Structure formats: C-alpha cells, structure tokens
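Open your viewer and get ready to select a few pieces one by one. Each stop below tells you what to pick and what is there.

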Amino acid sequence: MIIQAIEVKRISVPLKKPFKTALRTVNSLESVLVKITCDNGMVGWGEASATVVITGDSIESIESAIMNTMKPQLIGLNLLAYERVFQTLHQSMVGNTSAKAAVDIALYDLISQRAGMPLYQFLGGYRDQLETDYTVSVNSPKEMGEDAAAYLNQGFNVLKIKVGKDNIEDDILRIQEIRKSVGNQVKIRLDANQGWNVKEAVQSIRKMEDMGLGIELIEQPVKAHDLEGLKRVTDSVDTPIMADESVFSPAQALQVLQNRAADMINIKLMKAGGIFKAQLINQLAEEHGIPCMVGSMIESRLAVSAAAHFAASKKNITRFDFDAPLMLLHDGIDGAVTYDGRVMTMPDAPGLGIRSIRLWEGEE
C-alpha cells in the first residue's frame, strides 16, 4: 500500500451568517482539501482550515507545507508501516499543524479503509452516535438571545456562547439575555477565546455563579501562553475551566495536566496536527483523570467527520463541538458522518465513509 500521489485543492464556502468570536469574524470557510492515492487505487481524503489567528496557518502556507515539504518525504512510503509514516509526517517540519492534520486525516482514511472498518471502530469504537452543541456568535445581547432561541427551536440543548470581545459587563448582559430566551432547559458553555485577563475572569465567573446563570464550563478565559493565569482562574472559581488554545501538543497538554491548570481540555485536530497526536493528548488527560472535548475550526463535513470519528472512538471524550458544517450554505460531501439535528451518526462504510467530494470537482 504505497503512497503514490498527493494532491491539494483550495475551497471556499460561504457561511449562512458571520461567525464572530473575540479573535475574528468569519464570513466563509477557507480550507485546503487533500487527496492521497495509493498504488492499489485506494484514495484517502483530508482537509485543513486556515485559522491564522489561532494556528498561524494560512491557505498559502498549508499548500506549501504539504506540496513542498511533506509530499516529497511521504511519496513511496508503505502505509502498512503506518507508525513510520506518521513519524515521518510529524518530523517533516516544525509547526504547520493544520497541514499535518489534513495529511494525517487522509492517511487514517486510507488505513481504516484497508482494514475494512469505519475509522471510529478502527480507533476504538466506543460509541456510534454523538450530540453536538451549537455556537452562538458574539453580537448584541438581543441578537444573541434571538439566535439562542432559534437554535433551541432547531433541537439543540447545549449552546456554546462566544464572549470576551468587549467588557465583562457586556458579556454578563449577553448571558442574561440568552438564559432569559432559552430558560433553564439548555446547557450553556462560554468560550472567551483568550479575551479576559486573570482578574476579569475570576471576578466575572464568580459574579455569574452568584447570579445563578448556570454555566456548565468556560473555555480559555485567558491568553494561551499564560498557564499560571489559567491555573489561578481554575483554582479561584467553582465553574469548570477548559483549556483550548493553551494545548496544541501532547507536551503542552502534559504541562496543563501536571500543573492542574484546567479541569478539561479541548482537542482540535487542526491544533494537534491530526489524529495521531490527538490520541496522545486524550490518553495523557485520561491518565490524569481529566475529560476532553473535541471541537473544530470552521471546517467542512470532511474534516469534522474525521474529528467526530476520533471523538466517538474514545470513552474519555465526553463533549462534542461539531456544528461548523451546519453553518455552511452548502455541503459538497457525499457520505461521511450525518446529522439529524444535534445527533451525529457514524457511517458503516470503511474509513471516513466518504463516497464523493463534490467540492473537489468544483460543485456545490
């Protein structure tokens, strides 16, 4: 099963509504698709989204990393010795985790196809269905309340609320309006995307606790590099704190875990460089008694399916943030993981379960 060809293609898909966080506003999905073909005719698919404010990876850098650095080192390798292939991939260059993730996803698609198993079963097969949350972008309190009510009416019972863009008082007004709109039947998670400092985070979280707003958890309240600050927040509040941008690699995860700097970790394939390293992060977390969530950037159903296969395979992954494909104006993927409202079902077909990629052909 020799790697024979590696190809890439840029895609752009409009969003139904702008996606706004403390770090950026996104109007369309911008990503690179990867197609890997082996000498036996098997094809594997991968995807990397460009999220420069988080990963530092642009469309141009992703394409260049794959075609000019990774491809020359991977062509001719035998995927039946896949440990060697993944070691080669991750040692090919420093950083560039999104590019690595795209190639990693395509390789796992191929390996699990060769095994004749859906990828989630190949990786462990713990469950075959997931329930995703839905993200409410940061806007005015009124608009966020209306959006939250709309998502509740669509069947979503867990909402991830973006905060951290303005001041703390505005964030609290946003949460109050959302809670008023959806009542107490919905779980609310907050994601500050590094938008607060330590004192702001502690004061605001304590205030929300005193107000009884019922916050399930809070993601990345402070800057990614500030592990001491993250730990101070975690130690100072009752609400569980989740590390996101602070954890790209297994080594960074170990730092967070050893210092008990967070109560949970959010794993994303685009940060970890794909499933190979993501599994190590989850295993480290599990050994330290820390549960994980798996999420995504703004990605198509291709990359999100890979993340969902990984998440479904592991017991320690208990929360799922896979709403990105639902935000797109069109899909362009046949097969793979399917949605029925908030419920995601893993495919029975081998690999990612993809039948065709209309986006590769330039079709919607």
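**Stop 1: a pair of helices**

Start with helix 9 and helix 11, the latter being residues 275-287. Their axes come within 9 Å and cross at roughly 15°. Angles under 35 degrees count as roughly parallel, so helix 9 and helix 11 are roughly parallel to each other. The crossing of helix 9 past helix 11 is right-handed. Keep in mind that this is a predicted model.

Now show the side chains where the two helices meet. From helix 9, select Pro250, Ala253, Leu254 and Leu257. From helix 11, select Lys277, Leu280, Ile281, Leu284 and Ala285. How many nonpolar, polar and charged residues does the contact of helix 9 with helix 11 have? There are 8 nonpolar residues, no polar ones and 1 charged one.

**Stop 2**

Zoom in on Asp191. Asp191 sits in strand 7, residues 187-191. Is Asp191 buried or exposed? Its relative accessibility is 0%, so Asp191 counts as buried. Leave aside its neighbours within four places in sequence, and Asp191 is in contact with Lys160, Ile161, Lys162, Val163 and Glu219.

Move on to Asp244. Where is Asp244 found? Asp244 lies in the loop between strand 9 (241-243) and helix 9 (250-258). Asp244 has a relative accessible area of 1% and is buried. Not counting residues up to four places away in sequence, Asp244 touches Glu219, Gln220, Asn266, Lys268 and Lys271.

**Stop 3**

**Stop 4: Glu143 and Glu177**

Finish with Glu143, in helix 5 (residues 141-153). Its relative accessibility is 28%, so Glu143 counts as partly exposed. Glu143 and Glu177 are 34 residues apart along the chain. Their C-alpha atoms are separated by 9.2 Å.

Conventions: Residues are numbered from 1 along each chain as its sequence is written. This is a predicted model: local features need pLDDT of at least 70, side-chain atom pairs count only at pLDDT 80 or more; totals for chains, interfaces and linings use all residues. Side-chain values use heavy atoms; hydrogens and water are left out. Helices (H or I, at least four residues) and strands (E, at least two) are DSSP runs, numbered from the N terminus. Buried means under 20% relative accessible area, exposed over 50%, partly exposed in between (1.4 Å probe, protein chains only). Contact means heavy atoms within 4.5 Å. Axes are lines fitted to C-alpha atoms, for helices over the stretch in contact, and angles run from 0 to 180 degrees between N-to-C directions. Angles under 35 degrees count as roughly parallel, over 145 as roughly antiparallel, 65 to 115 as roughly perpendicular and the rest as oblique. A crossing is left-handed if the near helix is turned anticlockwise from the far one by less than a right angle, and right-handed if clockwise. Ala, Val, Leu, Ile, Met, Phe, Trp, Tyr, Cys and Pro count as nonpolar, Asp, Glu, Lys and Arg as charged, and the others, Gly among them, as polar.
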